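Have the viewer open as you read.

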Amino acid sequence: MTNKWDVVIIGGGLAGYVAANYLAKNDLSVLILEKAGSIGGRARTNKMKQQLFNIGPHALYKKGKAISILEELGINISGKSPKLGGVLIKDEVEYAAPLNLSALFSSQLLKGKEKMEWLSMIMKIKNINVEKLTDQSYKDWVEQVTKSPTIKSLLFVLARLSTYCHPPDITSAKVILSHVKVSMDGVLYIDYGWQTIIDQLHNKAIISGVDVQTNVVVTKMIKDEDDDYKLISSQGDIFPGKYVISTTGPSELNAMLGNDKSLPKDNFFEEIIPVKGATLDVALTQLPNPKQLFAMGITDPLYYAVHSPYAILSENRNHSILHVFKYLLPDEKTEDKDLKTELELFLEKLQPGWKNFAITSRFIPHIVVNQRFPQTGDNQRLYQLKNKFSGLYIASDWASPHFILSEAATTSAKQAVEEIIIKEEESINANHYRRLSRI
Ligand SMILES: Cc1cc2nc3c(=O)[nH]c(=O)nc-3n(C[C@H](O)[C@H](O)[C@H](O)COP(=O)(O)OP(=O)(O)OC[C@H]3O[C@@H](n4cnc5c(N)ncnc54)[C@H](O)[C@@H]3O)c2cc1C
């Protein structure tokens with residue numbers, strides 16, 4: 001084992017492993033420290049009674065940044081795109097979701113001229129230049145582009161579906177529309193779950209010489225006299241590194257930086273709020289209503305989708321794996337048991353008698369989907385924060401000014417590595433000139 005690593009990465013999730021693979025390609029020694037007993041973070045997949053559950057509904061954008069980064073790293077992505085369709089529920093009434101042409105014309109949700117307006121709205125979003133929307137909230141953008149209450153509510157549904165962000169008034173129009181735009185090119189449900197992505201990244205990292213240690217909780221970060229970092233674990237072990245990439249949440253990172261006088265402080269850490277949701281992951285021997293594969297609430301911020309027709313998630317292909325999800329408000333205080341009842345009742349409406357076919361299920365209330373609610377003004381704060389710490393880089397789904405979710409986790413990880421490589425080259429050149437000047 002090396003005494004000191006070039007780079008120590010805190011966190012063995014998607015961002016940590018993407019960073020490790022790029023670093024290893026550049027011949028830097030790398031250590032990943034993961035606090036859990038297993039790897040993957042929120043991209044892990046659990047096997048329960050032979051059924052595979054991602055942590056809630058997970059879909060990879062087909063034309064997004066994450067997929068191109070993963071492919072660049074040689075990761076095989078196998079899975080299919082769900083068909084666009086299903087139902088939207090408004091005031092207890094089900095309507096065909098106007099997400100494909102035939103449903104658009106048959107759906108009773110949109111009246112007369114609204115159908116054409118919705119069609120041109122979709123074209124508008126596909127061609128929108130999001131850079132012009134930096135200072136606008138999504139709600140303001142929606143108010144500006146339509147007067148129709150139904151089209152407004154459809155735009156809020158699209159935003160929830162593509163980003164998990166709810167409510168629209170505080171979210172950045174730029175970030176939301178970037179994601180809505182890319183989701184219009186389709187998404188993939190992944191065979192055997194997102195763990196397959198993590199496992200491939202892990203195997204490639206290990207083959208390239210990356211060290212991985214699980215069950216290590218980093219509690220403190222200090223800078224030594226050589227300006228290198230020392231990470232200290234809850235067990236008191238010390239892990240020295242020239243550079244650090246943190247993939248933890250903002251509050252964990254803030255706690256690690258603690259009161260060390262050599263490290264700057266920033267209030268932004270405490271002002272960041274996460275995007276949260278409640279998920280009910282369910283495996284059934286069969287669907288009571290086999291045609292009902294997708295539904296979203298218009299009045300209530302609820303989601304339902306059966307993923308197993310498009311991805312292998314059970315040894316028995318007749319079994320159905322589905323997710324029911326509630327998008328939570330940042331200050332939502334609903335009790336766990338009430339959230340569970342709400343999700344179960346929503347499922348009961350769509351799949352009456354589902355409990356008779358249940359193999360297993362899992363309910364997770366108040367899970368962090370994304371570590372930062374993307375708000376207007378975040379760009380500036382993030383740039384300032386990232387430039388404050390020399391040698392410390394932040395990668396994760398909260399660290400990108402442009403994206404959230406896996407798009408942010410992967411792009412911020414790649415960017416952190418690019419910045420380290422530049423710094424490393426500068427430092428090698430500086431040492432070279434210092435030596436030359438001594439000759
Ligand atoms: C319900 C749900 C649905 C989602 N759906 C989608 C989707 O459809 N599409 C999409 O693109 N994204 C989706 N996401 C988001 C996606 O899963 C995350 O953005 C991504 O997995 C984040 O990866 P990460 O590495 O940045 O963070 P994490 O996965 O959180 O990894 C960080 C790691 O750091 C470790 N860690 C934290 N503190 C310490 C410490 N002190 N010491 C050591 N280790 C530490 C953690 O244990 C964790 O493993 C969803 C997430 C959830 C929860």
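In this predicted model, the centres of domain 2 and domain 3, taken over C-alpha atoms, are 25 Å apart. Domain 2 puts 17 residues into the contact, and domain 3 puts in 13 residues. Interface size is often quoted as the accessible area lost when the parts come together. Here, domain 2 and domain 3 bury about 1,400 Å² between them, with carbon and sulfur atoms giving 73% of that area. On the domain 2 side, Tyr61, Ile298 and Tyr327 supply 42% of the area buried against domain 3, more than any other three residues. As for salt bridges across the interface of domain 2 and domain 3, the count is zero.

The bounds come from the domain assignment of the protein, which also gives a domain 1:

| Domain | Residues |
|---|---|
| domain 1 | 5–43 + 195–272 + 374–438 |
| domain 2 | 45–63 + 275–370 |
| domain 3 | 112–183 |

Is Leu14 buried or exposed? Leu14 counts as buried because its relative accessible area is 10%, under the 20% cut-off. Leu14 belongs to helix 1 (residues 14–25). Beyond its neighbours within four places in sequence, Leu14 is in contact with several residues, including Leu70, Trp194, Ile197 and Ala409. Take Ile197: it is 183 residues from Leu14 along the chain, yet their C-alpha atoms are separated by 8.3 Å.

Leu101, in helix 3 (residues 101–106), is exposed, with a relative accessible area of 53%. Together with Phe105 and Met116, Leu101 makes a nonpolar surface patch of about 330 Å².

Methods: Residues numbered from 1 in each chain as written. Predicted model: local features only at pLDDT ≥ 70, side-chain atom pairs only at ≥ 80, totals over all residues. Heavy atoms only, no water. Patch = residues over 30% accessible without salt bridge, like charges linked within 9 Å, V, L, I, M, F, W, Y side chains within 5 Å. Areas by Shrake-Rupley, 256 points an atom, 1.4 Å probe, with all protein chains shown as cover. Salt bridge = Lys/Arg side-chain N within 4 Å of Asp/Glu carboxyl O. Helix = DSSP H or I, 4+ residues; strand = E, 2+ residues; numbered from the N terminus. Buried < 20%, exposed > 50% of the residue type's maximum accessible area, 1.4 Å probe, protein only. Domains from an automatic or database assignment. Contact = heavy atoms within 4.5 Å. Buried area = accessible area lost by both parts, 1.4 Å probe.
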